[in-house]
Structure formats: C-alpha cells, structure tokens
Amino acid sequence: MPIVNEGLQKEFEYVTRPGERKHIGETLDQADELMQEMAYALITGKHLEVDRLTREALDKGYTANRILDFGLLAGMAIVGVKFRDNIIFVPEVLVAARAMKAGMAHVEPILSAAGVEPKGTIIMGTVKGDLHDIGKNLCIMMLRGAGYTVHDLGVDTAPDEFVDAIDEYEAQLVGMSALLTTTMPNMGRTINAIEEAGLRDEVRVMVGGAPVTQEFADEMGADGYGQNAVECVDRANELIVLLEELRRS
Ligand code: B12
C-alpha cells in the first residue's frame, strides 16, 4: 500500500538518493498502516509509542519478522539516511535508538524462541584507546535486527581481547570501530594479532567509524568497510556469504 501516514511521507522525502529511495520505498510499500505508524514513531524517537505499537502488533498476530522489517528497521533506515545527510544529529539518533530498543525488547525473545537460525556470529568492539561507542552500538543493534548473533566486546578493546573472543565465540566476523585518528592504527594492529594467532583465515574483518575510509581499510588489510550501520549490515551479509563459499570450496 502507498504511504498513508502523513508524517512518514514527509520523512521519506529526506531519502533522495535514487537507489535508497527505491529500496526504502519498496519496503514502505509493503508496510500497512500500523507498521507505518511504528516506523514514524521510531524516527521521531517516541519510545513509549513504539513499545505500545509493537505490543499491539504482536497481539494482532503480526510476526516478529514483519514488525522488524516493516516497522522498526524501515524506520531505522530513514534515521540512518537523515543522520548521514546531516538532517539529524547524535541526540536524535540516540532517542531513535532508544525507541528501536523498546520495540526490539518485545521482538528479540520471540525471534530466539522461534529458533530462527542466526545468520552468523560476529564479535564487535571499539578498538584500544577509544571510548566512543554510539556508532558501534547502532551497528550492533542493526546487525542483531538483521539476524546475527553479536557479542559486544565494548570499548577500549585490546588486540588480544579480539583474538580471545574469536576463539571463545567461534566468530565468523570481526567488527571494529574507531572514532579517533590516533586509535585507527589499532585496527591494523588487531588484524596483525589475528594473523599471528593463526586465525586470519577463519574470520572476515570489517571496520568503520567516522575517520575510517575505504582506502584506510584496504591499506590495513580489512575485508570490508562500512560508512554507516546500514552498510555495516550489507558488509556482514556479503562477507558471511564469501566466507561460507570459501569454506565449501
Ligand atoms: C559523542 C562524542 C564523544 C563522546 C563519546 C560518547 C560515547 N559513548 O560514544 C565523548 C564525550 C566521551 C567523547 C570523547 C572524546 N572525543 Co569525541 N566525539 C563525539 C562526537 C561528537 C560524535 C561521535 C558519535 O557518536 N557519532 C554518531 C555515531 C552514530 O556515528 P559513528 O560513530 O561515526 O558511527 C557510524 C559510522 O561511523 C559507522 N560505524 C561505526 N563503527 C563501525 C564499525 C563497523 C565495523 C562498520 C562497518 C561501521 C561502523 O556506523 C555508525 C552508525 O551509522 C564526535 C564528532 C563526530 N561528528 O563524529 C567526536 C569526536 C570523534 N571526538 C573527538 C575527540 C578529540 C574526543 C576526545 C579526545 C576529546 C577529549 N579531548 O577528551 C575524547 C576521547 C575519548 C576517548 N579516549 O575515546 C574528535 C576526534 C578527532 C580526531 N580526528 O581524532 C571528534 C571527531 C570531534 C572533533 N571534531 O574534534 N567524544
């Protein structure tokens, strides 16, 4: 159905890149009135509203996946675009993240109880010396929403902590975040430590954070780079497929 929620229609106008407009537009076309209301409540950071609407949807028999895809993640996709394009800033992202959490609180237990096979296991941390975790947490939330099991190693994570966690959780993907130019080199150091531990072939490494670029990621030998949480999920999806293909061959 077309977008009937006036607020959501206005929010959708912020999505101007043709590829994104097509992708998000197609998702919203599949969202009914209740899902559109939920997406709009999430974008505007109304966590109590998202909490209420998620419960209402579950009561009405919506599946957890439908709520996730057409309510919560549809809204979060627009939040991601607005944040990237400097239409909203950190405080608005944080309130939207809180609203997402309110909805996820109802949806997550159902997804795990239903025994939905996780897409893969990821360990994710902010590198040594760096205490910024807002972006990392956003990525983790989106990755979990997309069906991954994610172990959060927190901030100020030393290379050997990443190495130990790969072993402990049998991770397929490693995600590293850095927000300071001074801590970016610790991503490369962590990749070296993974190599030295003999685990480099077992995992794929993706990196991100405001100062990180594709060039920097290539230079340090990462397998993937993402500019935002949406791209983080895209990279994870690509890398997990590549890794599985490699293992099968
Ligand atoms: C909030 C903030 C803080 C908060 C952090 C709170 C927290 N819990 O995270 C506090 C106040 C603690 C802080 C402290 C400091 N900060 Co600060 N901080 C910021 C600020 C304003 C916003 C960062 C943020 O959260 N952005 C929002 C999130 C959503 O974006 P993001 O992190 O980039 O994440 C997105 C992408 O990068 C990507 N991504 C992130 N991680 C990953 C990982 C993977 C695998 C992938 C694929 C993608 C990905 O997806 C995310 C979601 O879309 C930035 C300015 C800025 N515009 O970046 C400065 C900034 C990063 N800080 C800066 C500085 C200098 C500091 C301090 C050194 C200040 C001081 N003198 O004490 C300390 C350092 C503390 C430390 N050791 O880490 C500088 C860094 C400059 C530089 N070139 O290195 C910046 C750029 C501000 C500036 N312009 O000077 N900071």
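Helix 7 comprises twelve residues, which at 1.5 Å a residue should span 16 Å; the end C-alpha atoms of helix 7 are 17 Å apart, which agrees. The expected span is 1.5 Å times one less than the number of residues in the helix. Helices (H or I, at least four residues) and strands (E, at least two) are DSSP runs, numbered from the N terminus. The structure is a predicted model: local features need pLDDT of at least 70, side-chain atom pairs count only at pLDDT 80 or more, and totals for chains, interfaces and linings use all residues. Residues are numbered from 1 along each chain as its sequence is written.

Nine of the twelve residues of helix 7 are buried, so helix 7 is largely enclosed by the rest of the structure. A residue counts as buried if 20 or more other C-beta atoms lie within 10 Å of its own, as exposed if 12 or fewer do, and as partly exposed in between, with C-beta atoms placed from the backbone. The buried residues of helix 7 are G135, K136, N137, L138, C139, I140, M142, L143 and G145. Just after helix 7, G147 takes a positive phi of about 105 degrees.

Helix 7 also contributes to the ligand site. It gives five residues to the shell around the ligand, the largest share. The shell holds 31 residues, and I134, G135, S177, G208 and G226 come nearest to the ligand. Two or more shell residues come from each of helix 6 (90–113), helix 7 (134–145), strand 3 (173–177), strand 4 (204–208) and helix 11 (229–248). A residue is near a molecule or strand if its C-beta atom, placed from the backbone, lies within 6 Å of it. By class, the shell has 15 nonpolar, twelve polar and four charged residues. Here Ala, Val, Leu, Ile, Met, Phe, Trp, Tyr, Cys and Pro count as nonpolar, Asp, Glu, Lys and Arg as charged, and the others, Gly among them, as polar. Domain 1 (6–113) and domain 2 (121–248) both give residues to the shell, so the ligand lies between them. The domain bounds come from an automatic or database domain assignment.

At the level of the whole chain, the secondary structure comes to eleven helices and five strands. The radius of gyration of the protein chain is 18 Å, close to the 18 Å that the globule rule gives for 249 residues, so the chain is as compact as a globular protein of that length. This radius is taken over C-alpha atoms, and the globule rule is 2.2 Å times the number of residues to the power 0.38. Along the principal axes, the C-alpha atoms fill a box of roughly 55 × 40 × 30 Å. Buried residues make up 44% of the 249 residues.

Helix 5 (residues 64–84) has 21 residues and should span 30 Å at 1.5 Å a residue; its end C-alpha atoms are 28 Å apart, which agrees. Helix 5 bends by about 40 degrees at L73. The bend is the angle between axes fitted to the seven residues ending at a residue and the seven starting there. Helix 5 is mostly covered, with 15 of its 21 residues buried. Just after helix 5, N86 takes a positive phi of about 60 degrees.

Most residues other than glycine have a negative phi. D156, not a glycine, has a positive phi of about 50 degrees. D156 is found in strand 2 (residues 149–157). With 16 C-beta neighbours inside 10 Å, D156 counts as partly exposed. E170 also has a positive phi, near 50 degrees, and is not a glycine. E170 sits in the loop between helix 8 (159–169) and strand 3. E170 is exposed, with 11 other C-beta atoms within 10 Å.

Several residue pairs relate sequence separation to distance in space. L173 lies in strand 3. It is buried, with 25 other C-beta atoms within 10 Å. L173 and L243 are 70 residues apart in sequence and 9.1 Å apart in space, C-alpha to C-alpha. P159 is found in helix 8. P159 counts as buried, with 21 C-beta neighbours inside 10 Å. The C-alpha atoms of P159 and V127, 32 residues apart along the chain, are separated by 7.7 Å. L94 belongs to helix 6. L94 counts as partly exposed, with 14 C-beta neighbours inside 10 Å. L94 and Y62 are 32 residues apart in sequence and 27 Å apart in space, C-alpha to C-alpha.
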